Amino acid sequence: MDDQYLLGKDILVKAVSNVGESTEVYLPGKSDVWYDFTTFQKHSGGSKITVSTPLDKIPIFTHGGSIIPKKERVRRSSQLMAKDPFTLLISLDLKKEATGDIYLDDGISYKYEKGDYCWRTFTFKNNGSLFYFILFYFILFYFILKKQIQEKKKKNSTHNNNKK
């Protein structure tokens, strides 16, 4: 277990030293569930599993009960990813529930120190359709980001007008 790491409380990564073989991964928490990050295969916590480690795979697992926002488009820099959409990776626990956070700022300045950022918590409970949950948050993010872009354009145009 000296070569596997928790990133926060929801992502477990196992280091691989011998590519092309298999490795053992311990998934903590007897009453927890873990999911393979790439195949979404479900595993019980509190146990060791054997995972194949081909050249193109690093063993990564998400904790049941988590919602992890990620950007899936491969880019050469984080600045190019600024307007890319988010995908919410929802890993349900045994109660069919999940929670996660997302933090957004302009990624350039220190304006976050003055409160210029967006931090939201997502919660999914087994009382409705997953489709409507995702649709709701997609619409919410669309309006949040649209407002931020409009405010940024307004500030930039004001700034440019002041230079004249």
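Keep in mind that the model is predicted.

**Stop 1: the largest core**

Select I67, L88, I90, A98, I102, L104, C118, F122, F124, F141 and I144: these 11 residues make up the largest nonpolar core. As background, nonpolar side chains tend to be buried together in soluble globular proteins.

**Stop 2: around I102**

Which residues does I102 touch? Leaving aside residues up to four places away in sequence, you will find P69, F86, C118, W119, R120, F122 and F141 in contact with I102.

**Stop 3: another core**

Next, select L12, L27, I49 and F61. They are among the 7 residues of another core, which lies apart from the largest one.

**Stop 4: out to the surface**

Select Y103, Y110, Y112, Y117 and W119 and show their surface. Together they form a nonpolar patch with about 590 Å² of accessible area. Y103 sits in strand 10 and is partly exposed, at a relative accessible area of 39%.

**Stop 5: a pair of rings**

The whole structure holds 2 aromatic pairs. For one of them, zoom in on Y110 and Y112: their ring centres are 6.2 Å apart and their planes meet at 40°, so this pair counts as tilted. Is Y110 buried or exposed? Its relative accessible area is 61%, so Y110 is exposed, whereas Y112, with 32%, is partly exposed.

Methods. Residues are numbered from 1 along each chain as its sequence is written. This is a predicted model: local features need pLDDT of at least 70, side-chain atom pairs count only at pLDDT 80 or more; totals for chains, interfaces and linings use all residues. Side-chain values use heavy atoms; hydrogens and water are left out. Rings of Phe, Tyr and Trp (its six-membered ring) pair if their centres lie within 6.5 Å; planes under 30 degrees apart count as stacked, over 60 as edge-to-face and the rest as tilted. Buried means under 20% relative accessible area, exposed over 50%, partly exposed in between (1.4 Å probe, protein chains only). A nonpolar core is a set of buried Ala, Val, Leu, Ile, Met, Phe, Trp, Tyr and Cys residues joined through side-chain atoms within 4.5 Å. Contact means heavy atoms within 4.5 Å. Patches are made of residues with over 30% relative accessible area and no salt bridge: like charges are joined within 9 Å, nonpolar side chains (Val, Leu, Ile, Met, Phe, Trp, Tyr) within 5 Å. Accessible areas come from the Shrake-Rupley method with a 1.4 Å probe; for residues, only the protein chains shown count as cover. A salt bridge is a side-chain nitrogen of Lys or Arg within 4 Å of a carboxyl oxygen of Asp or Glu. Helices (H or I, at least four residues) and strands (E, at least two) are DSSP runs, numbered from the N terminus.
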